[in-house]
Amino acid sequence: MVGNTFPYTADDWNTDIELAWSHGIDAFALNVGIDDWQKDSVARCYAAASKSKLPFRLFLSFDMASLSGARPEDVHILRDYIAMFAHHPRQLLYHGKVLVSTFAGQDSLFGHDTLHEAWQFVKDALEEIAPIHLIPSFFIDPRRYASIAAMDGYFNWNGSWPIHLTVDSPREEVVCAKLDTDKHHIHHLGGRTFMAAVSPWFFTHYGSDSWNKNWIYRGDDWLFVRRWEQLIAMRDQVDIVQVISWNDYGESHYIAPIKGAQPNSHAWVSGFPHTAWLDLNRYFARAFKEGSYPPIERDSIYMWSRPHLRAAEAVHDPVGRPERWQLTDDTFWVVVFATGPAEVRIWTRDDLPAQTRKVGRGVWKLSHPMIVGGGMGGKLSAMAS
């Protein structure tokens with residue numbers, strides 16, 4: 001989210017690039033919106049990538065929920081970005097063309113009558129500068145893809161969360177909920193590029209006096225790991241995986257260190273680092289790219305949970321409970337990396353019994369109930385094989 005990088009210097013971008021590369025990320029999708037200053041931040045990012053010795057790449061993702069796309073002349077801001085960066089040596093090319101993506105855009109018709117006409121107009125305008133490989137995330141029925149020739153592929157932005165769940169969903173559909181929308185997009189793309197999403201979480205808490213976004217998607221059941229495992233199993237059908245997100249603090253799915261400028265999200269971001277997910281990403285991204293899981297090099301335990309029970313009353317919160325709060329469980333989630341046979345103990349309070357599990361070499365998914373006044377504890381003890 002370039003919109004969260006207002007105070008970034010070139011050194012900040014360089015630090016992010018090095019950190020991302022060391023954790024299995026090959027490129028940044030730079031989500032850009034309406035603010036003029038974002039062009040300068042993007043320029044600093046490209047400059048930092050140029051100075052880096054890493055083969056890191058960048059591409060633009062036009063945030064059409066922010067950018068105007070009502071009139072034909074609105075294409076000029078997209079053209080300006082492409083003119084500035086399309087020929088940059090660190091621009092990501094896909095099939096020899098400049099990769100361009102979007103967030104939304106299904107309502108951006110640029111003065112035309114149909115989505116096909118609108119984005120053919122956009123693509124033609126951009127291709128006056130450089131060949132374009134367009135992978136948007138239009139939120140439309142996949143059956144429409146065949147009629148939108150300007151699309152070179154599709155980014156299934158919502159594919160990593162069980163957004164279909166409601167408070168009335170049967171319990172058996174809620175636990176380890178299906179993440180099966182990819183297949184519909186792949187089927188209707190007819191061989192065009194498919195970009196999948198992987199994300200660890202989703203919580204946003206803005207009231208009606210700001211963005212009026214106050215909901216969660218169920219992030220339980222080891223969501224980040226389970227989604228990565230799914231994509232690794234179907235890697236022959238997935239061309240690109242995009243992690244949502246590096247630094248989108250407002251929706252709580254950031255995996256990078258907290259820095260930059262938060263979008264009034266301090267209440268649910270400050271003091272809540274997510275970098276353990278970044279560490280997990282390195283292992284699973286490597287498995288996706290190489291086609292097999294790498295060896296476990298050290299014993300590790302990863303744990304995460306909400307800081308409170310789902311029915312907790314936030315008495316000084318004017319926004320109120322998020323929609324779908326009932327879908328989450330009072331559970332903390334544990335992922336164990338074991339180099340060999342071991343005994344794992346997990347607990348929530350020292351005065352209560354711990355849960356004990358014997359594991360072998362590999363990755364193990366465990367869980368434990370949360371309780372009021374409790375925390376998260378874990379210990380792995382190697383056993384003789």
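**Helix packing, sheets and selected residues in a predicted model**

H3 passes H4 in a right-handed crossing, in a model that is predicted.

Trainee: How far apart are the axes of H3 and helix H4?

Mentor: Two packed helices are described by the angle between their axes and the distance between the axes. Here H3 and helix H4, which spans residues 115-126, pack at an angle of about 35°. The distance that goes with this angle, from the axis of H3 to that of H4, is 9 Å.

Trainee: How many charged residues are there in the contact of H3 with H4?

Mentor: On the H3 side the residues are Val75, Leu78, Arg79 and Ile82, and they meet Trp119, Phe121, Val122, Ala125 and Leu126 of H4. Divided by class, the residues of this contact are eight nonpolar, no polar and, for charged, one.

Trainee: Is glutamine 91 buried or exposed?

Mentor: Glutamine 91 belongs to the loop between helix H3 (75-85) and strand E3 (93-94). Its relative accessibility is 4%, and because the cut-off for burial is under 20%, glutamine 91 counts as buried.

Trainee: With which side chain does the side chain of glutamine 91 make a polar contact of 2.7 Å?

Mentor: Leaving aside neighbours within four places in sequence, glutamine 91 is in contact with several residues, including Arg57, Leu58, Phe59 and Phe85. A polar atom of its side chain lies 3.4 Å from the backbone oxygen of leucine 58. The polar contact of 2.7 Å, however, joins the side chain of glutamine 91 to that of tyrosine 46.

Trainee: Which strands stand at the edges of the open sheet of three strands?

Mentor: The order in this open sheet is E11-E12-E15, with antiparallel pairing. Two of these strands have a single partner strand each, so one side of each is left without a neighbour in the sheet. The twist averages 20° from one strand to the next. The strands at the edges are E11 (300-304) and E15 (362-369).

Trainee: Which residue in E12 is the bridge partner of tyrosine 302?

Mentor: E11 pairs with strand E12, residues 331-338, in the antiparallel sense over five bridges. Helix H9 (residues 275-290) lies across E11, E12 and E15, and runs at about 130° to E11. For tyrosine 302, the bridge partner in E12 is valine 335.

Trainee: Which residue in E5 is the bridge partner of valine 100?

Mentor: Strand E4 (residues 97-103) and E5 run parallel and are joined by four bridges. In strand E5, residues 132-135, Ile132 and Leu134 point one way while His133 and Ile135 point the other way, and all are buried. The bridge partner of valine 100 in E5 is leucine 134.

Trainee: Is cysteine 176 buried, partly exposed or exposed?

Mentor: Cysteine 176 has its place in the loop between helix H5 (171-174) and helix H6 (182-189), and its phi is near 50°, a positive value in a residue other than glycine. Its relative accessible area is 35%, and because buried means under 20% and exposed over 50%, cysteine 176 is partly exposed.

Trainee: What is the relative accessibility of asparagine 212?

Mentor: Asparagine 212 has a positive phi of about 55° although it is not a glycine, and it is found in the loop between strand E8 (203-205) and strand E9 (214-216). Asparagine 212 counts as exposed, at a relative accessibility of 53%.

Terms used. Residues numbered from 1 in each chain as written. Predicted model: local features only at pLDDT ≥ 70, side-chain atom pairs only at ≥ 80, totals over all residues. Heavy atoms only, no water. Helix = DSSP H or I, 4+ residues; strand = E, 2+ residues; numbered from the N terminus. Buried < 20%, exposed > 50% of the residue type's maximum accessible area, 1.4 Å probe, protein only. Polar contact = N/O pair within 3.5 Å; in protein donor to acceptor, adjacent residues only side chain to side chain. Contact = heavy atoms within 4.5 Å. Pairing = 2+ DSSP bridges. Axes fitted to C-alpha atoms, helices over the stretch in contact; angles between N-to-C directions. Left-handed = near helix turned anticlockwise from the far one by under 90°. Nonpolar A, V, L, I, M, F, W, Y, C, P; charged D, E, K, R; others polar.
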